[in-house]
Amino acid sequence: KDLLESISALKSAVTVLSKHNSASAFLQMPRTHMLGVAATMQNELSKHSSLLEGVLTRSERRAAAAFVQSPQDYFDAAPTFKQSYAPQSGEIFGILRQMKETFEANLAA
């Protein structure tokens, strides 16, 4: 049941982000939506940290932590050379999808 609730929360977060998955659209996302996505991510990362061990890379965990700590500022920061090839919004979107897929696979097992 706990995983089902987590999957549902992550599906909602992915849906919100998919509506804003270009860099310019993401920056225009209502603050409440961005805070909701950050809260969902933080909750699921802490609740299921052991399940996500070895799934998320160290850099993905750092990106998630930076986003959770300050969602608005995360996208205002200048991207590094590596990030310039993929928008930061896409990275967060990918992390959320990866978490959701991990939970779904674990539930099916």
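1. What share of the contacts in the chain with a separation of 6 or more comes from residues 24 or more positions apart? The share is 74%. Contact here means heavy atoms within 4.5 Å.

2. Basis of the note. This is a predicted model, in which local features need pLDDT of at least 70 and side-chain atom pairs count only at pLDDT 80 or more, while totals for chains, interfaces and linings use all residues. Residues are numbered from 1 along each chain as its sequence is written, and side-chain values use heavy atoms, with hydrogens and water left out.

3. Overall make-up. The chain has seven helices and zero strands. Its pattern along the sequence reads α-α-α-α-α-α-α. Helices (H or I, at least four residues) and strands (E, at least two) are DSSP runs, numbered from the N terminus. Of the 109 residues, 36% count as buried. Buried means under 20% relative accessible area, exposed over 50%, and partly exposed in between, with a 1.4 Å probe and protein chains only.

4. Helix α1. This helix covers residues 2-18. Its 17 residues should span 24 Å at 1.5 Å a residue, and its end C-alpha atoms are 24 Å apart, which agrees. The expected span is 1.5 Å times one less than the number of residues. Leu3, Ser6, Ile7, Leu10, Ala13, Val14 and Leu17 of α1 are buried. They sit on the same side of α1, because their arc around the axis is only 125 degrees. The arc is taken from the directions from the helix axis to the C-beta atoms. An α-helix has 3.6 residues a turn, so residues three or four places apart point the same way.

5. α1 against α3. The axes of α1 and helix α3 (residues 31-47) come within 10 Å and cross at roughly 150 degrees. That makes the pair roughly antiparallel. Axes are lines fitted to C-alpha atoms, for helices over the stretch in contact, with angles from 0 to 180 degrees between N-to-C directions. Under 35 degrees counts as roughly parallel, over 145 as roughly antiparallel, 65 to 115 as roughly perpendicular and the rest as oblique. The crossing of α1 past α3 is left-handed, meaning that the near helix is turned anticlockwise from the far one by less than a right angle (clockwise would be right-handed). On the α1 side, the contact is made by Asp2, Ser6, Ala9, Leu10, Ala13, Val16 and Leu17. On the α3 side, His33, Val37, Thr40, Glu44 and Lys47 take part.

6. Threonine 40. This residue lies in α3. At 18% relative accessibility, threonine 40 counts as buried. Neighbours within four places in sequence aside, threonine 40 is in contact with Ala9, Leu10 and Ala13.

7. Lysine 100. Which helix holds lysine 100? Lysine 100 is found in α7 (residues 88-108). With a relative accessible area of 16%, lysine 100 is buried. Apart from neighbours within four places in sequence, lysine 100 is in contact with Ile7, Leu10 and Lys11.

8. Helix α5. The twelve residues of α5 (residues 58-69) should span 16 Å at 1.5 Å a residue, and the end C-alpha atoms are 16 Å apart, which agrees. Glu60, Ala63, Ala64, Phe67 and Val68 are its buried residues. Seen down the axis of α5, they fall within an arc of 130 degrees, so they line one face of the helix. Arg58, Arg62 and Gln69 are exposed on the other side of α5.

9. Tyrosine 74. Helix α6 (residues 71-74) contains tyrosine 74. Its relative accessible area is 8%, so tyrosine 74 is buried. The C-alpha atoms of tyrosine 74 and alanine 63 are separated by 8.7 Å, with the two residues eleven apart along the chain.
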